[in-house]
Amino acid sequence: MLRPIHNLFDPRDYPDLLVGLSSPDDAAIWKLDERRSLVLTTDFFTPVVDEPYDYGAIAAANSLSDVYAMGGTPFLALNIAALPPALPPEISSEIIRGGAEKAREAGVVIAGGHTVQDQEPKYGLVVVGFVDTDHYLSKSGARPGDKLVLTKPLGFGVTTTALKSGRADPKDVAEAVSWMTRLNKKACDLALRAGVRSATDITGFSLLGHALEMANASGCGLRLQFESIPFLTNARKYGDAWIFPGGAADNNLFFSPQVKFAPGLDEVSQMLLFDPQTSGGLLLAVPPDKLPGLLEHAHQIDQPAWVIGEAVEGAGIEVA
């Protein structure tokens with residue numbers, strides 16, 4: 001019988017592993033010395049848009065995001081690609097080019113990688129970065145009274161699912177792509193400058209899923225204001241047509257027992273909060289005395305920042 005991996009690995013045997021399997025954080029952290037640590041992550045997925053270049057850029061931005069979510073600075077990456085043997089080489093090269101140019105924008109060197117054959121394309125990066133040993137971001141640092149700040153809107157899942165079914169307006173796709181290809185570098189810098197200690201990025205588990213990871217790891221509850229949560233222009237339109245990806249139903253099934261919705265919040269609104277995101281924004285838990293300075297700096301550097309709720313005593317999530 002196979003033994004669970006956590007039974008085969010005792011973190012106490014590796015004191016320099018600051019973040020690993022024992023926490024729900026976005027990347028692993030290995031202590032190098034008292035000043036610097038390595039932060040490591042990997043991510044890859046199937047195409048979410050039609051344009052190969054955009055797909056590569058989105059996949060790279062998504063992979064880099066886990067390092068930013070930990071407060072790190074990525075510097076090195078490796079390609080991971082699974083490509084159909086019949087895929088035209090010009091398409092494969094555009095995927096790789098999109099990833100390479102997004103990595104270059106982040107100041108990251110792609111130093112190699114590995115490819116295999118598969119019937120459905122998959123692409124992403126292994127990413128290595130540096131992070132301050134004593135000042136990395138984690139999901140466990142939120143405290144009651146902290147204000148919750150989101151740095152990208154929601155709605156990527158319903159929009160790209162509408163694209164796959166041929167029902168998406170090109171303008172809506174372009175809006176989603178513009179956000180999904182946006183690096184979380186400025187959002188990370190914003191958090192570090194303000195002294196934020198708790199963050200996560202919003203990806204496949206949806207806003208509510210990743211927010212619950214933060215709440216549970218921090219031992220507190222979260223209260224969200226639905227009217228303050230930003231969405232893509234026509235995310236509601238696709239929600240009303242019930243064009244949700246399968247992952248939204250999975251998220252709803254798994255996370256909803258820990259979520260309490262206001263009685264007047266309709267089912268579509270609820271499902272939009274379970275919508276899986278690709279290369280979503282950061283969710284920051286900001287100490288209240290740091291919030292004015294953070295919002296002022298966000299405006300100065302053209303980094304969107306929406307205050308969508310707060311951490312509270314208790315457990316789970318309440319959506320008002």
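Select Phe45 and Tyr55 to begin: both are buried, a term used for residues under 20% relative accessible area, with exposed meaning over 50% and partly exposed in between (1.4 Å probe, protein chains only). The two rings form a tilted aromatic pair, 6.2 Å centre to centre and with 55 degrees between the planes. Phe45 belongs to strand β3 (residues 36–45) and Tyr55 to helix α2 (residues 52–69), so the pair ties together parts that are 10 residues apart in sequence. Rings of Phe, Tyr and Trp (its six-membered ring) pair if their centres lie within 6.5 Å; planes under 30 degrees apart count as stacked, over 60 as edge-to-face and the rest as tilted. Helices (H or I, at least four residues) and strands (E, at least two) are DSSP runs, numbered from the N terminus.

The model on display is predicted: local features need pLDDT of at least 70, side-chain atom pairs count only at pLDDT 80 or more, and totals for chains, interfaces and linings use all residues. Residues are numbered from 1 along each chain as its sequence is written, and side-chain values use heavy atoms, with hydrogens and water left out.

**Further aromatic rings**

Select Trp242 and Phe244 next. Their pair is edge-to-face, at 4.9 Å centre to centre and 80 degrees between the planes. Trp242 is partly exposed, with a relative accessible area of 43%, whereas Phe244 is buried at 13%. Then select Phe205, Phe254 and Phe255, which ring pairs link into a cluster. A search of the whole structure finds eight aromatic pairs.

**Helix α11**

Move to helix α11 (residues 291–300), where Leu291, Leu294, His297 and Ala298 are buried. These residues cover an arc of only 130 degrees around the axis, which puts them on the same side of α11; the arc is that of the directions from the helix axis to the C-beta atoms. Pro292, Glu296, His299 and Gln300, on the other side of α11, are exposed. To see what covers the buried residues, display β7 (147–150), α6 (185–194), β11 (282–286) and β12 (306–312), which are among the covering elements. Just after α11, select Asp302, which takes a positive phi of about 60 degrees.

**Salt bridges**

Glu310 and Arg223 are the next selection: their side chains meet in a salt bridge (3.4 Å, N to O). Glu310 lies in strand β12 and Arg223 in strand β9 (residues 221–224), so this pair ties together parts that are 87 residues apart in sequence. A salt bridge is a side-chain nitrogen of Lys or Arg within 4 Å of a carboxyl oxygen of Asp or Glu.

Select Glu105 and Lys102 for another salt bridge, at 2.8 Å, N to O. The two are three residues apart in helix α3 (residues 89–105), and are therefore separated by about one helical turn. Lys102 is buried, with a relative accessible area of 10%.

Lys122 and Asp118 also form a salt bridge, the closest N and O atoms being 2.6 Å apart. Lys122 is partly exposed at 21% relative accessibility, and Asp118 is partly exposed at 28%. The count comes to 13 salt bridges.

**A surface patch**

Finish with Tyr14, Trp30, Leu32 and Leu40, which make a nonpolar surface patch of about 350 Å². Tyr14 is found in the loop between α1 (5–8) and β1 (17–19), and at 38% relative accessibility Tyr14 counts as partly exposed. Patches are made of residues with over 30% relative accessible area and no salt bridge: like charges are joined within 9 Å, nonpolar side chains (Val, Leu, Ile, Met, Phe, Trp, Tyr) within 5 Å. Accessible areas come from the Shrake-Rupley method with a 1.4 Å probe; for residues, only the protein chains shown count as cover.

Key
Contact = heavy atoms within 4.5 Å.
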